[in-house]
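Hello,

Here is the structure I said I would pass on. My notes follow below it.

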Amino acid sequence: MTVPQQEEIRVPVGEPGSMSVIQARRLSKHYGQTVAVAGLSFDVEPGRVTGFLGPNGAGKSTTMRMILGLDRPSGGDVLIGGKHYGDLRHPLRRVGALLDAKAVHGGRSARDHLLCMAQSNALPASRVEEVLATVGLSAAAKRRIGGFSLGMSQRLGIAAALLGDPEILLFDEPVNGLDPEGILWIRTLMRKLAAEGRTVFVSSHLMSEMAQTADHLIVIGKGELIADTSVSEFIGRSSQGYVRVRSNRLAEVADLLGAGELHADHLRVTSMSAGDVGVLTMKAGLPLEELVFVQPTLEAAYMELTKETTEYEAVAS
Amino acid sequence: MTGEVLRSEWTKMRSVRSTMWTLISAAVLMLVIGGLLSFAVSNSAEESAEFSVDQALNISLGGLQFAALAIATLGVLVISGEYRTGMIRTSLLGVPQRLRLLAAKVAVFTVVSLVVTTAAAFAAFFLGQAFLGTKNLDAAIGDPGVMRAVFGAALFLTASGLFGLALGALIRHTPGALVAVIALNLVLPQMAQMLQMLPGEWGPTVARYFTSNAGTLVARVMPAEGALGPWTGFGVYLVWIAVPMVAAAILLRRRDA
């Protein structure tokens, strides 16, 4: 009689009950008096890119390290597929992670670095060559990692995350230090991984970056959950949208509408739609040079939400 | 299941140049210092001179303390290097069972070190005896206790390396761990020797039981009057190593990586 191996009884992605792959419950971390993470509860689900957003120092990296069993939570719990990371056998086959791309031994070659990781999880050496090719580092496989640029290190870190062909991927600030081409590459890769049904959890302090990659957002500030919502809902929450009107008879337009904020070269209207503005001004025979609804940006929504929780704020002097 | 972690640790060890060079330098120190010392002694020895087996052995193993320093450095580096670079986090992602990771590191280090130091100890012995033999001052490998003592030199060296590894795992900081192991293995034992001059019993006892003072006895044929036996001495040395190793294991499980 053969006992099924642990990794053979994984629940197929997409089946009921397996939906929440990462589950954090009242997760906390204190360092002495400093609270890094304060009672975070959230689920990360498969088949989409979940952005983990917050200002620098909000507790994103600490949370990721707790998910991966590197840091011990001060309170609460976090499970991956119903288990603690430390209880996974061959964890690299289930979870791939890119934390700090520079946290490698600079004296080792890229190939040896990946080889020792592969061996520790009984992965064939052929996987090393495959992931090196995937990230475009085949030509640099023999070079010592110490001489790598940040962009190359980042690619190596991604190769390491992909090594075990895992269904769950965590990336901590993956676009840091990448050139535009690299950023586009990683964005495409994350979208592709999610489209394959994998769980992709990616942290960033850049809202603009998340706007282009993520489907879902978990926003934290000072270690606390601020929002756990889809990207479109997150934008919708913001009241920053407005209608911008330009005209060479702007004062008359403002009088006519009896609403809006008069700026030097345009009028900002929040109380009526662009259509209403158009109809009213046409009836009055006032010519318009521009009539446009300005979408609230994710950036603005984010700034508004995290304004009160930013740990380090620039003080106007 | 454990084989895979052992293979991974071996890859880690062999793929970093500094660790391989440190290992080689330990072997070279054994050979060069033992050889030079034997050559010098045999050259300056008078025709009528006579050496005991212990003296002849000791001269050829004259590089022991220097090699111990190199091996202890290597022990520190294999673990503190991971902390210095942050590689430890990558290692723990692959093997989150932390004690398994530490055990594999210790096992690979022990085997690699034993192979290299055994070869170095025997090579140094035979080289030294060849020089001493020119004046008929040499000991033979078949003389009582010699085989054990030469192999004992390899055991002491490997244990010194494990001392470094334990302190490295405990302190997690290369310079700190290096200072600790040099102090405990080389400097303080010498200072402890001076305690033997004190009247009373406790001075000599401390000196006898202090780290390498006890640990090197396994590489000697005739211990001095009142000294511990070779295996007892080595056992005492292993206890010195076990203390930081156990502390490191406990902290490794509890500390954030």
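Two residues are taken to be in contact if their C-beta atoms, placed from the backbone, lie within 7 Å. Among contacts in chain B between residues at least 6 apart in sequence, 78% join residues at least 24 apart.

Before the rest, some housekeeping. This is a predicted model, in which local features need pLDDT of at least 70 and side-chain atom pairs count only at pLDDT 80 or more, while totals for chains, interfaces and linings use all residues. Residues are numbered from 1 along each chain as its sequence is written, and chains are lettered from A and ligands numbered from 1 in the order in which they are written.

Chain B has eleven helices and zero strands (DSSP runs numbered from the N terminus: H or I of at least four residues for helices, E of at least two for strands). The C-alpha atoms of chain B fill a box of roughly 65 × 45 × 30 Å along the principal axes. Of the 257 residues in chain B, 51% are buried (20 or more other C-beta atoms within 10 Å of the residue's own; 12 or fewer is exposed, in between is partly exposed, with C-beta atoms placed from the backbone).

Turning to how the chains meet, 29 residues of chain A are in contact with 24 residues of chain B. Helix α2 (residues 110-120) of chain A gives the most to chain A's side, with six residues. That side divides into 15 nonpolar, nine polar and five charged residues (nonpolar: Ala, Val, Leu, Ile, Met, Phe, Trp, Tyr, Cys and Pro; charged: Asp, Glu, Lys and Arg; polar: the others, Gly among them).

One residue to look at is A:Leu99, in the loop between β5 (95-98) and α2 of chain A. A:Leu99 is buried, with 23 other C-beta atoms within 10 Å. Leaving aside neighbours within four places in sequence, A:Leu99 is in contact with A:Met64, A:Asp172 and B:Arg89. A:Met64 is 35 residues from A:Leu99 in sequence, and 8.2 Å from A:Leu99 in space, C-alpha to C-alpha.

Regards
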